Amino acid sequence: MPAKPKTRKVNRRTVLAGSVAGAAVALTRFPAPAVAQAEPFRLGLLTVKTGPLAQGGIQMEQGVLTYLKETNYMIGGRKVDLFSADTGGNPAGTKTKAQELVERDKVDVILGPLAAFELYAINDYIREQKMPTLSLAAADDLTQRKPNPYLLRASATSSQAMHPMAHYTATELKLKRIFCIVEDFAFGYEQMGGFQASLQKEGGCVVNKLWPPLVTPDYTPYVAQISDCDGVCQGFAGSNPLRFMKAYANAGLQYPVVTGETGGDDALLKSFGEEAIGLVSCIPYTLDLEVDANQRFINGMLKNFDTIPGQYAGLLYVNCQVVDAALKATGGDARDKDKFMTALRAVSLTDTPRGPLKFDHFGNVVGTFYIRRIGTEGAKYGLKLWNKTIKTYENVSQFWIWPEQEYLAHPVYSRDYPPLTKC
Amino acid sequence: MSIHGRSIAALIAVVALAALPYAIGEVYYVNIASQILLYAIFALGLNILVGYAGLVSLGHAGLFGIAAYVVAYLLVAGHGHVLAIAAALVASLAATAGFAALSLRSTGITFIMITLALGEIIWGLAYRWISLTNGDNGITVPARPAPFGIALGNARAFYLATLIVFIVAIVASGIFVRSPFGAALRGTRDQPRRMNALGYHVWMIRFWAFMFSGLLSAIAGVLFVYYNQFISPQALALTASAEGLLMVISGGAGTLLGPVVGAALVVIVKNVVSAYVERWNFMLGAIFVAIVVFMPEGLVPGMVRLTRSIWRGKAKADPTLPMAAGRRQ
Amino acid sequence: MTFWLLLTVNSVTFGGLLFLLSAGFSLIFGLMRIPNLTHGSMFMLGAYFGTTLLSGALGIRFGFWVAAIVCALQIAVLGALMERLLLRRLAGQQLAQVLVTLGVSFMVADLCLMGWGGDPISVATPPGLNGFIRFGAAVFPLYRLAVIAIAVIFALALWLMLERTRLGAMIRAGVDDPQMARVVGIRVSQLFTIVFALGAGLAGFAGLIGGPILSVYPGIDQDMLPLALVVVILGGTGSLLGSFVGSILIGFIYNFGQALLPELAYFILFLPMVLVLVLRPQGLFGGQIL
């Protein structure tokens with residue numbers, strides 16, 4: 001039998017093997033040599049531009065850009081490269097984008113993410129990668145029982161604003177039996193847990209707690225269950241407060257409503273209708289705070305984006321101020337992550353849009369919280385409604401009035417903690 | 001191509017794939033490669049049903065997700081990796097049997113709808129049964145396993161472990177497909193009535209194919225949850241099942257390499273292209289529509305056909321492939 | 001008591017909205033034998049188009065009802081285009097058609113994100129229907145009652161069209177037996193285009209009508225499509241009565257499920273669909289078996 005002629009056949013297997021090898025070669029990258037000072041400072045931003053939280057996320061980016069435009073894209077004496085990533089408002093997306101920022105874009109610092117459940121999802125990763133993160137997201141435990149040394153929070157824990165809110169509700173509004181309703185995610189649980197703990201300390205109690213999903217097109221099935229109370233506490237975030245307040249009014253409910261930092265955000269003022277009049281909120285940033293930094297910030301937002309800011313933008317602006325101060329303290333060097341974190345935690349500022357702030361030894365902010373009520377009085381910037389500050393709580397820490405050890409001894413606020421009692 | 005040639009090509013591919021993480025400098029791209037491999041396993045599993053049994057499922061993300069959730073849940077509860085993985089596979093297989101029992105009463109469009117509904121049920125439970133699954137907050141897996149002392153927390157090590165699983169999966173699929181059972185399965189796809197008349201138990205054949213498909217999806221789910229060290233209901237949504245289908249159809253249903261190419265396509269568009277093109281979902285959809293309309297047999301057979309036609313003149317679509325077969329009607 | 005009343009009215013309202021969405025889906029499924037996976041996308045697109053029209057596109061500020069009709073027509077045209085350019089190429093290959101609708105749904109979702117951004121957009125209740133009706137302690141927003149009325153009007157209109165017009169007769173013939181319909185001279189492929197356009201237009205209309213209740217947000221297509229699917233499977237494909245009854249039923253299950261059994265809310269929504277497909281594939285009122 002004649003020998004089989006050697007034919008060179010191209011078939012899909014060889015094509016595939018060859019292209020894999022080719023792709024491997026093509027994707028090889030050579031590490032660039034590190035040159036510290038002349039290199040731009042790489043700022044990463046994890047924000048949300050899709051979904052119910054997009055309202056806040058878009059503002060986060062605007063807040064950062066306002067600061068950068070004001071300083072001509074310079075932070076700590078270095079030029080800034082901003083890498084903005086849309087997480088989609090969910091933990092899985094946040095993980096993916098965090099990996100991109102750290103591994104592909106090689107950022108020096110991450111600002112954000114927005115939501116507590118997003119931060120919980122990337123907590124281990126940030127710690128492993130030693131990536132300094134200035135989170136907007138609450139996620140109480142990461143500065144309490146499971147502290148992450150690479151986290152800094154200039155905004156607030158989820159419960160930090162709700163503690164004084166409950167105090168005000170019980171002592172000044174004289175409402176004792178409250179019905180709580182908030183989205184079904186970590187930020188929601190922690191807000192209501194804090195509200196309940198503080199309310200119970202002032203002699204009040206929570207009648208019931210409802211948890212509609214983050215994406216709830218129609219709140220009516222939940223609103224229909226609200227009854228038998230002195231007042232309602234809602235903790236909705238993003239653009240959900242708009243629809244909730246509408247559904248609440250549509251159901252003819254008239255109990256007074258109180259809320260935390262997101263439920264009455266200033267940026268929503270232009271979209272709220274009459275149903276929001278009388279809403280009392282407690283928040284770390286308020287439009288009507290008349291200090292220089294705030295005026296600069298608001299003017300910047302109006303000029304650059306023709307948008308009236310709320311806390312999402314305000315607090316990111318503050319985050320940029322903090323990074324700037326820390327970077328100046330290290331002489332522009334962010335390569336030693338631990339040294340940079342120490343500098344970040346040592347920052348103490350007085351002229352910020354939210355007023356004075358400093359950090360406790362867990363990296364969480366100690367600052368001022370403002371109680372406001374929505375009305376028509378004092379409205380500026382073309383708005384019909386306005387959040388007017390009616391009380392200020394200063395030097396509020398994440399532990400409120402409890403001693404730190406006592407606070408840490410109880411479990412983190414969750415769906416089931418504190419448990420509901422007879423009310 | 002001769003067996004000899006085929007084995008050499010396969011060996012070259014394996015070596016190239018194994019060398020990949022050392023050739024690529026950056027962890028980010030090694031991670032992308034790991035993702036491609038684990039999704040390829042998912043697509044291979046889905047392809048057993050779609051390509052070889054002719055049954056299109058829009059619920060496979062549910063089976064994928066059950067395995068992932070069981071691993072996460074057991075690990076957080078303090079159990080070991082071996083137990084977690086074993087339990088995940090068992091749970092997922094049980095669910096697969098349930099899916100099969102309910103959906104195999106029908107074929108065609110009805111089959112698609114039942115599997116869609118079943119997938120949605122699993123998603124709905126993951127999303128709202130908060131006390132079990134933590135809902136939207138998801139479950140974080142504390143650490144990847146370290147078999148034989150090799151920490152899989154390292155990206156390269158994880159890639160190699162995934163590669164080994166992938167090779168086993170594709171070899172198993174190859175054996176399955178080339179076996180008499182595989183031939184019988186293709187028979188039930190093309191001529192179910194005749195197969196019945198010949199004495200083959202069509203339902204049982206489809207059932208076992210479904211189970212094998214579910215096993216591969218479960219394995220992919222386990223790899224997924226270890227890769228991400230996180231699971232949330234998003235991974236089980238209808239979109240996830242749809243993306244799996246995209247991978248299979250775009251690569252080439254009814255071929256072994258099609259799903260692999262399809263998985264690479266989707267993962268690369270999602271991750272790498274998204275850096276340059278913000279709207280990658282649109283691209284994915286457009287590519288999919290283009291493939292279904294112009295190259296229904298999928299990329300792999302389509303490219304082969306194109307290259308053949310360039311070398312030897314006009315070639316026809318392979319009529320034994322399910323999508324192309326549709327054209328004859 | 002208020003709780004039950006409020007939820008009952010809400011269920012019927014939601015059911016009405018679902019009917020507007022699913023009637024078209026049912027007709028398309030019955031006639032063309034494919035589940036149109038772009039149906040949710042059409043709903044979303046109609047709502048988004050509506051918000052643009054309402055906020056004053058082309059210099060004109062459209063009124064709510066005019067905007068709804070214009071949207072419906074726009075989406076109908078898009079539906080007709082999609083049918084002619086994509087689906088007709090794959091005539092006879094149901095599987096391929098379903099896959100194409102899947103791919104198009106991905107594309108439309110991203111286009112909407114590009115066009116209107118990621119932030120949810122609320123739709124104002126049309127002026128005139130802003131008020132309430134009080135019934136004892138319970139309060140019912142007028143607009144939600146209006147949606148029920150609209151759904152009933154459309155149900156009657158569709159029924160009249162199907163039973164009394166030539167087009168309706170042709171559609172019914174096509175649903176019952178497309179082969180025979182062709183034999184007696186009905187231009188079935190033209191019918192496909194008309195019905196697909198009609199279905200898409202109805203979905204787009206439903207999108208804007210639903211706006212004041214649900215608002216518009218990225219992902220609403222993924223939320224509404226499975227509901228349309230459940231309604232049509234439950235009620236029976238190709239059956240108008242089935243869509244109507246199915247919609248009301250699902251409206252109740254959805255609302256009361258969210259309120260009373262939140263953990264199993266989606267489970268009880270999709271379980272009936274599985275049961276029907278397995279035990280009685282033609283649905284409650286469907287004529288032909290799938």
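Leaving aside its neighbours within four places in sequence, which residues is Val71(B) in contact with? The list is Ala84(B), Ile85(B), Ala88(B), Val222(B) and Val225(B), where contact means that C-beta atoms, placed from the backbone, lie within 7 Å.

## About the model

This is a predicted model: local features need pLDDT of at least 70, side-chain atom pairs count only at pLDDT 80 or more, and totals for chains, interfaces and linings use all residues. Residues are numbered from 1 along each chain as its sequence is written, while chains are lettered from A and ligands numbered from 1 in the order in which they are written.

The model scores ipTM 0.87 and pTM 0.87. Chain C has a mean pLDDT of 88, with 98% of its residues at 70 or more; pLDDT is the predictor's confidence in each residue, from 0 to 100.

Buried means 20 or more other C-beta atoms within 10 Å of a residue's own; exposed means 12 or fewer, and partly exposed is in between, with C-beta atoms placed from the backbone.

Helices (H or I, at least four residues) and strands (E, at least two) are DSSP runs, numbered from the N terminus. Both domain 1 and domain 2 of chain A give the core at least three residues each. In soluble globular proteins, nonpolar side chains tend to be buried together.

Chain A has 12 helices and 14 strands, and 57% of its 423 residues count as buried. Its C-alpha atoms fill a box of roughly 100 × 60 × 45 Å along the principal axes.

The chain splits into domain 1 (41-158 + 290-366) and domain 2 (162-289 + 368-409), with bounds from an automatic or database domain assignment. The domain centres, taken over C-alpha atoms, are 24 Å apart. Across the boundary, 38 residues of domain 1 are in contact with 32 residues of domain 2. Helices H2 (54-70), H4 (116-129), H9 (292-305) and H10 (311-329) of chain A each supply at least two residues of the domain 1 side. That side divides into 19 nonpolar, 14 polar and five charged residues. Here Ala, Val, Leu, Ile, Met, Phe, Trp, Tyr, Cys and Pro count as nonpolar, Asp, Glu, Lys and Arg as charged, and the others, Gly among them, as polar.

## Chain C

Chain C has 11 helices and two strands, running α-α-α-α-β-β-α-α-α-α-α-α-α from the N terminus. Of its 290 residues, 58% are buried. Among its contacts between residues at least 6 apart in sequence, 77% join residues at least 24 apart.

## Where B meets C

This contact takes 37 residues from chain B and 41 residues from chain C. On the chain B side, the elements giving two or more residues are helices H5 (108-128), H11 (238-251), H13 (280-294) and H15 (322-326). H5(B) gives the most, with 13 residues. The chain B side divides into 25 nonpolar, eight polar and four charged residues.

Key. Contact = placed C-beta atoms within 7 Å.
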